[in-house]
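Take a look at it first, and then we'll walk through a few spots.

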Amino acid sequence: MMSSSFNIYRVGISFVMMCIFYKSAVDSLSELSPQKYFSTLQPGKASLAYFCQADSPRTSIFLEELNEAVKPLQDFGISVAKVNCVKEETSRYCGKEKDLMKVYLFRGNILLREFPTDTLFDVNAIIAHVLFALLFNEVKYITTLEDLQNIENSLKGKANIAFSYVRAIGTPEHRAVMEAAFVYGTTYQFVLTTEIALLESIGTEAIENAHFYFFHCKQVLDLTQQCRRTLMEQPLATLNIHRFIKTMEAPLLTEVAEDPQQVSTVHLQLGLPLVFIVSQQATHEADRRTAEWVAWRLLGKAGVLLLLRDSLEVDIPQHANVVFRRAEEGAPVEFLVLHDTELIISRVEGNTHIEEMQEDEDEDMQSPDMDIQDDEVAETVYRHRKTQLPLELTVELTEETFNATVVASDSIVLFYAGCTSTLLLTRVNCADWSDLCTKQNVTEFPVVKMYKEGKHPVSYAGMLGTEDLLKFILLNRISCPVNITSVQEAEEYLSGELYKDLVPYSSVSVLGLFSPNMTIAKEDFTKAGNYLRGFVITGIYSEEDVLILSNKYGATLPALLLARHKEGKVESIPFANSRVQDIVQIVTNALLETFPEITVENLPVYLRLQKPLLILFSDGSINPQYTKAILTLVKEKHLDSLTPCWLNLKNTPAGRGILQTYFNALPPLPLIVVVNLHSGGQVFAFPSEQAITEQNLLLWLKKLEAGLESPITILPAQEWKPPLPAYDFLSMMDAAASQHPTRKEPECTKETNMQKNDKQQHEDKSTIRKEPVETLRIKHWNRSNWFKEGDKSFRHDNKEL
């Protein structure tokens, strides 16, 4: 904020630059001799003087920019003059060649600052640098998150903060911030940074552009509580900042009892709409809380008012609970029925859209209710069932071409059924070649397998998305476990240098350490490495000098070294007497993040841990202070009985439905809940009025453990089953095909018989089951086994663990 001893309107500024004479006339610049210029300098007066010598036009471009800056600088009380030097001039500003490309900033006759002219590259840079130098006590420049937190803590309960990030000093955005600081610097503390890492640390997602935040610190009395932050979503320009700050100064929520058409607020004057939350006496308190939450979400985008229906002389339709008024003059008032606060937000932000289910164009197709047999996954498949994929980009395999293709080259094969296919490299349509799919032990669709020459095929069990499939393919480029032959190579492996191109796809590398005589342990680790192929990089070291590594990393042989590349650390885990499945479990648990972002894709993996979930719901990136608090509790072993995680509603919109199930309406965010899905179904909510700190969380968790907290809801213990039984499609197809001799399909047989008849076929023999295999059919998921499928995170055709 601007100090009382410094007022820009009362302090003179002189801005002097040494330059080469510019022959063209610059009408806006007052031309003076050096003696005349210095005689006009007065305390409390501002002057910008440009000293020039004759006979060189090198600075013509700069003079043009300076000329454009004359009028804006005069608006800030800074006049501009050009001073013509002569050869005989003895002034220090006229005679030194090395100073000819510098700019000097004066107050009265006192030099304040000098700049190289290349930093004043245009009119924006000139104005931004002059104001930045002038307001150096009022605009704090910071480089670290710690600097920002110190300023924030010092101003809690005292003043609000205007925080901005610009890409560089002297840009148009920097000028806009400085002009705003010139006007509002006595009211708010302006803070500026050019460090993109600082912007990332406060949770900003789109970091490529300049940002302007308003920190609401004045109303914060609890020093442990973070100041609310509101982001200006418009481009960073002077007018937009002015409008934004004006909305920050307006009341958050206003109660009115008059015709919405007659209400006038600063928001309408600024071109922003008004949202009226209709209330009545019986529900006034609850409506006010809802309106306040909506007001925070729409701060800077719309004005929010609480409309008291009981006191109105104007009739409001009985069913309406929201009134919307656009800023355009004469625009009619809209009476709406919106039962979800997110619909109000979308209405203002212009994101409202209505998805219409399209009826199938083919008259002979079954109704959607028959085809959509269970959950949202099936529904999505149904909706996109007619999407045409570029299958011509892959090689289609048949019963005749399959063996020759997969034996002769490394191949990725996608097994699919009918119109539900996706693609990757090669494909087999099991609807046409059911016997081939049976021989390859394909019992559900779609299935992706990788075939490598001389090796057993590897089944992919992850999500069928581009990113996950790419990771699986790339990690299968190397045969795991990798045989490490020297200590130096082991160090390169652990540092990520040995396979640095694969580190982005495997954040953890696993190295098994063994004495040469530990035969059984090495065999078990090798089997585990094969099992984990395509999901994590594993290596094995068993040379005579293995003790060098075990001593360095404090490992007792046999041991696993887990290299976490993101954290840059290596940890050791002993696993004496651990068998294959135990090793796999150790590694898969190590792959789990300590405080993960929960998504639809990874939720089953974390549910597999069979622990209650501690979930931080956030509408965007989470505050680093919240992350720090939770990770500290994890480090101190306070959360061992829980699975801490967070859910970003922007990335996972399904979280809105979850919160509405817990609270009936979407609550203010961020919010922490504990959900016990595996025993009892209780849902507990961390008090929203408390700051999310280590101490508050720990006290609350102790109350939960002592049974002193009541659940906000209890989830029903019910099985999620599909409404209709699964169809055995292929048996139906085979039955139909048997009636047509021109296309006779082989009958499905027990795998034991299949093995006898097809000994020469290249197949994954180790996965053949002893029990009979039912006729091939599409596997229909139901919600009762969805979470159980999380246990199949890693599957390998080579060995059943």
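## Helix H19

The expected span of a helix is 1.5 Å times one less than its number of residues. Helices here are DSSP runs of H or I with at least four residues, strands are E runs of at least two, and both are numbered from the N terminus. This is a predicted model, where local features need pLDDT of at least 70, side-chain atom pairs count only at pLDDT 80 or more, and totals for chains, interfaces and linings use all residues. Residues are numbered from 1 along each chain as its sequence is written, and side-chain values use heavy atoms, leaving out hydrogens and water.

Helix H19 has 12 residues (580–591), so it should span 16 Å, and the 17 Å between its end C-alpha atoms agrees with that. Val580, Ile583, Val584, Val587, Thr588 and Ala590 of H19 are buried (under 20% relative accessible area with a 1.4 Å probe, protein chains only; exposed is over 50%, partly exposed in between). The buried residues of H19 pack against strand E23 (508–513), helix H17 (519–531) and strand E25 (559–564), with contact meaning heavy atoms within 4.5 Å.

## Val322 in its strand

Now for a single residue. Val322 sits in strand E15 (residues 322–325), and it counts as buried because its relative accessibility is 3%.

Which residue lies 45 residues from Val322 in sequence, yet 4.9 Å away in space, C-alpha to C-alpha? That is Ile277. Setting aside neighbours within four places in sequence, the contacts of Val322 include Val275, Phe276, Glu334, Leu336 and Ile344.
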